[in-house]
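Here is a short briefing on one chain. Look over the sequence and the structure, then go through the points by topic.

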Amino acid sequence: MDQNIQAIQPLRKKVIARYFTDEERVSLARLLIKDIDRDAYQLHCENETCASSLNASSNHDSKDEESISCQFQVVHCPNYKCGVQISKKYAKEHDDECGYKV
């Protein structure tokens, strides 16, 4: 990453955190992804009622088959201290490249 971009990252994060809550940032990101990936469905689920496309803090029945089987369900990286949240579809790829993997 360019040194200038790296140097400004902490300030960028501070400004973003000042104006948007975590929940708002996640919601905006999901809307942007849906807009960019409107018809291809490579980055989000085509079913509007799928739990992966709804707010992660919403309550969903754990027996809901759709939310369990959706390839875009958000999962946490299992590697210690990583903290990345990624869809099931790309979890294996992330795990192969994760810098925190022991």
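**Briefing: salt bridges, surface and confidence**

Arg25 counts as partly exposed, at 28% relative accessibility. Its side chain meets that of Asp22 in a salt bridge, at 2.1 Å from N to O. The model is predicted. The chain averages a pLDDT of 76.

**Salt bridges**

- A search of the whole structure finds 3 salt bridges.
- Asp22 and Arg25 are 3 residues apart in helix 2, so about one helical turn separates them.
- Asp22 is exposed, with a relative accessible area of 52%, whereas Arg25 is partly exposed at 28%.
- Another salt bridge joins Asp96 and Lys92, whose closest N and O atoms are 3.0 Å apart.
- Asp96 and Lys92 sit 4 residues apart in helix 4, so they too are separated by about one helical turn.
- Lys92 counts as exposed, at 58% relative accessibility, while Asp96 is partly exposed at 48%.
- Asp95 pairs with Lys101 in a salt bridge, with 3.1 Å between the closest N and O atoms.
- Asp95 counts as buried, at 18% relative accessibility, because the cut-off for buried is under 20%.
- Lys101 is partly exposed, with a relative accessible area of 40%.

- Asn79 lies in the loop between strand 1 (74–76) and strand 2 (85–87).
- Is Asn79 buried or exposed? Asn79 is buried, because its relative accessible area is 13% and buried means under 20%.
- Leaving out residues up to four places away in sequence, Asn79 touches Asp95, Cys98, Tyr100 and Lys101.
- Two of these contacts, Asp95 and Lys101, are the partners of a salt bridge.

**Nonpolar surface patch**

- Ile8, Leu11, Val15, Tyr19, Phe20, Leu28 and Leu31 form a nonpolar patch on the surface.
- Together these residues have about 690 Å² of accessible area.
- Helix 1 (3–19) and helix 2 (22–36) each supply at least two residues of the patch.
- Which helix gives the largest share? Helix 1 does, with 4 residues.
- Tyr19 belongs to helix 1 and to the patch.
- Tyr19 is exposed, with a relative accessible area of 57%.

**Fold and packing**

- The chain has 4 helices and 2 strands.
- Read along the sequence, the pattern is α-α-α-β-β-α.
- Of the 102 residues in the chain, 20% are buried.
- Among contacts with a separation of 6 or more, 19% link residues 24 or more positions apart.
- The chain exposes about 8,300 Å², and carbon and sulfur atoms supply 54% of that area.

**Confidence**

- A pLDDT of at least 70 is reached by 76% of the residues.
- Among the elements, helix 4 (residues 88–97) has the highest mean pLDDT, at 91.
- Helix 3 (residues 65–69) has the lowest mean, at 52.

Key:
Residues numbered from 1 in each chain as written. Predicted model: local features only at pLDDT ≥ 70, side-chain atom pairs only at ≥ 80, totals over all residues. Heavy atoms only, no water. pLDDT = per-residue confidence, 0-100. Buried < 20%, exposed > 50% of the residue type's maximum accessible area, 1.4 Å probe, protein only. Contact = heavy atoms within 4.5 Å. Patch = residues over 30% accessible without salt bridge, like charges linked within 9 Å, V, L, I, M, F, W, Y side chains within 5 Å. Areas by Shrake-Rupley, 256 points an atom, 1.4 Å probe, with all protein chains shown as cover. Salt bridge = Lys/Arg side-chain N within 4 Å of Asp/Glu carboxyl O.
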